[in-house]
Amino acid sequence: MDVQEILRRVQPLAGQVIPVRTVQEAHPHEEFVDAYVAEVSLKGASKVIKALDSAFPRDPSRPLNHLRRFAKHTQLPDHLRSTLIKGEPSAQTIFVLITPPLPDVETLKTLLAPFAPPPESLSESSQQGGSIDLHTIRIPLQPPLTIGKAEKWSKAMWPVVFNPATPRATIAPPPQTLSRVRDSINPNAGHYLALARKVADEAEKSGVGRRVGAVVVDPELEAWIGTTDEDLGTHWADAIVAVAGDARYARRDAGAMSESERQLGLGPNSNTQVYNPDVEGGPELHALMRAADLVASGRRKQDGNESVEQLPLNALEKFFLSQSDVSGSGSSGDVDEPSPVPGKYQKTETGAHAIIKPADSSSAPRLRSREHGGYLCTDLDVYLTHEPCLCCSMGLLLSRFRAVVFPRQGRMVTGGLASEPVIAPVPVSAGTEETHEAPEQTEDQDQHEEEEKMSNEHADSHPKRLYYGLHWRTELNWRALGFEFVEEATTKNSAEEGVAFHA
Amino acid sequence: MSAIEQEDSRHGYFMKQALLMGEKALETGETPVGCVLVYDNQIVGSGMNDTNRSMNGTRHAEFIAIQEMLRSYPKSTLRSTDLYVTVEPCVMCASALRQYQIRAVYFGCGNERFGGTGSILSLHSDFSIDPPYTVYSGLFSKEAVMLLRRFYIQENEKAPRPRPKKNRELNTRFDDIVESYNHTA
């Protein structure tokens, strides 16, 4: 079957693209440390802050802006009120929080002594006037991620401020970016994932690899195609810059025959039934790594460095690689298959909108060259049949992909992207009558706690795996947006329950 | 294991060979990370970072060395093979080495940005379907750091937006501060 025919026959997967939460979201990091509270005179409050900040400069790498610096009697958590206030609460005093790094107690007391409450207004019983009492309390070091958490901490520890903007930025991609990208990839994702399965089928049928495939898309080209309202036909494929299937059985180690050559005839390799590390090739033969290398080899060719192709390419791989040749389409083998690219350009040019083409002529390579800013896989999206292994997950970051999409059914116990187990949809609770300032966050919170409970309950029924959420971790320098594709009708079992291998 | 004890030993010899690969990388404008694979007391593969030349961000020294080794040895040999690498393997390489069932990894300096064998993640020992491997660190770590420093005071003309670094000076001090580099070993 020729490539155009394969493309025409692609049945898009039906479903929705949803972001994979980051590990920071799925498992919020909460640390609690000691802090001091002291009662000071209300009149001197602003001077107290100045004195504290100049004597004990705050650590800018540890912003504690979520903690109120002062609390009135009425704002104190109940248990603190009973320990801090012995007699009648005084309207002349206020409580100040001293956060870590905690200064020496005597130095602190001396510093605060001028601001001690006057004896007559002291709410504690029979203290000598002008002295400072320090009480140790526990405070949360990280800002609250939900309003529910802020309320909980304010009631139990110390008044905490919820800022919807700042904390999220440090633990997850900006919501606007995430939803803009999600919206832009959602319409065609089903097509690319379906094609990834075709690529995977070729890899498996030919015996060179497992049934894993990758499709690399340039979202800029995709957006450009999307400007035509007409039926897309196979034009969705015009934004593809590379496809690659798994090839783990294709390498000839030590000059011997490869695993695929050992096998007589075509058809799935018998090695796919088990996991035998000695015949698994290596991660550079996995679909994602091969896709990144095909992009690289496309660029090397554009630069005039003919690269030695180490592994034979299948028809789909060859076709999309040829679209990135400097000489343009048609010149490299598939003469009988007109490139869909020129058609796309003609169509839109005759249409209502006159749009500047991303490339300056219809024979320009699809893959942006280095002169045009092409660098590794920057600004490209990759669609996979399976959750990539840890090695490939980091490889996709080092290749600087913009986004990665895989079907939820393709989760792997060896995967590097998921951040938590799949949870059965939580029924919308009847808590909608709760009218908080931000009910969404509270719901989030409840749902999260619910999920945690459920994931613990289900822990035994799932194969053991770890959740790395490598696509967006605060510790790593490079990050990508991660998405799962949730199919409408899922009849097949999750790949997590099949043979455990590295995808 | 004490690093000083090891520097004269055969471990030291192999790490010096890895450092030489790192030097070669520096000469050719690659991030100076080098490694050698040792099987049966012999170097059976060596590699240096190759990301700039290949225009492929995943072509780290470890992959190059494994590729070279597999031209002459079957994959199963890696189970009795040790890796000497100047910088802690990154998350990608740490997982790859596990999948390749390496026996042990000796590295020079840590990798606070991407390290996959202790610094950021511990993929050598986490749960996985492949057996864990042992990691030893600290062998010639200063030499490994100096290679990186010499590289990072240069400008990266290949980057989309090269940053001018005219006024940078090579830092030759070794305080107890944690080395933090943007490198990807």
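Which strands of chain A does helix α3 lie across? Helix α3 (residues 45–55) of chain A lies across β2, β3 and β4 of chain A, and runs at about 15° to β4(A). Axes here are lines fitted to C-alpha atoms, for helices over the stretch in contact, with angles from 0 to 180 degrees between N-to-C directions.

## About the model

This is a predicted model, in which local features need pLDDT of at least 70 and side-chain atom pairs count only at pLDDT 80 or more, while totals for chains, interfaces and linings use all residues. Residues are numbered from 1 along each chain as its sequence is written, and chains are lettered from A and ligands numbered from 1 in the order in which they are written.

Helices (H or I, at least four residues) and strands (E, at least two) are DSSP runs, numbered from the N terminus.

## The sheet of chain A

Chain A has an open sheet of four strands, in the order β3-β4-β2-β5 with antiparallel pairing; two strands pair if DSSP finds at least two bridges between them. At the edges are β3 (70–71) and β5 (134–140) of chain A, each pairing on one side only.

Inside the sheet, β2 (residues 32–41) and β4 (residues 93–98) of chain A pair in the antiparallel sense over six bridges. Here Val37(A) stands opposite Leu97(A) in β4(A).

## Chain B

Chain B holds six helices and five strands, and along the sequence they follow the pattern α-α-β-β-α-α-β-α-β-β-α. Of its 185 residues, 51% count as buried, meaning that 20 or more other C-beta atoms, placed from the backbone, lie within 10 Å of the residue's own.

An unreviewed UniProt entry annotates residues 9–128 of chain B as "domain: CMP/dCMP-type deaminase"; such annotations may be inferred rather than shown by experiment. Over residues 9–128, chain B is 34% helix and 22% strand, with the end C-alpha atoms 33 Å apart.

## Where the chains meet

Two residues are in contact if their C-beta atoms, placed from the backbone, lie within 7 Å. By that rule, 33 residues of chain A are in contact with 33 residues of chain B. On the chain A side, the elements giving two or more residues are α11 (287–302) and α14 (390–398), and α11(A) provides the largest share, six residues.

Notes
A residue is buried if 20 or more other C-beta atoms lie within 10 Å of its own, exposed if 12 or fewer, and partly exposed in between; C-beta atoms are placed from the backbone.
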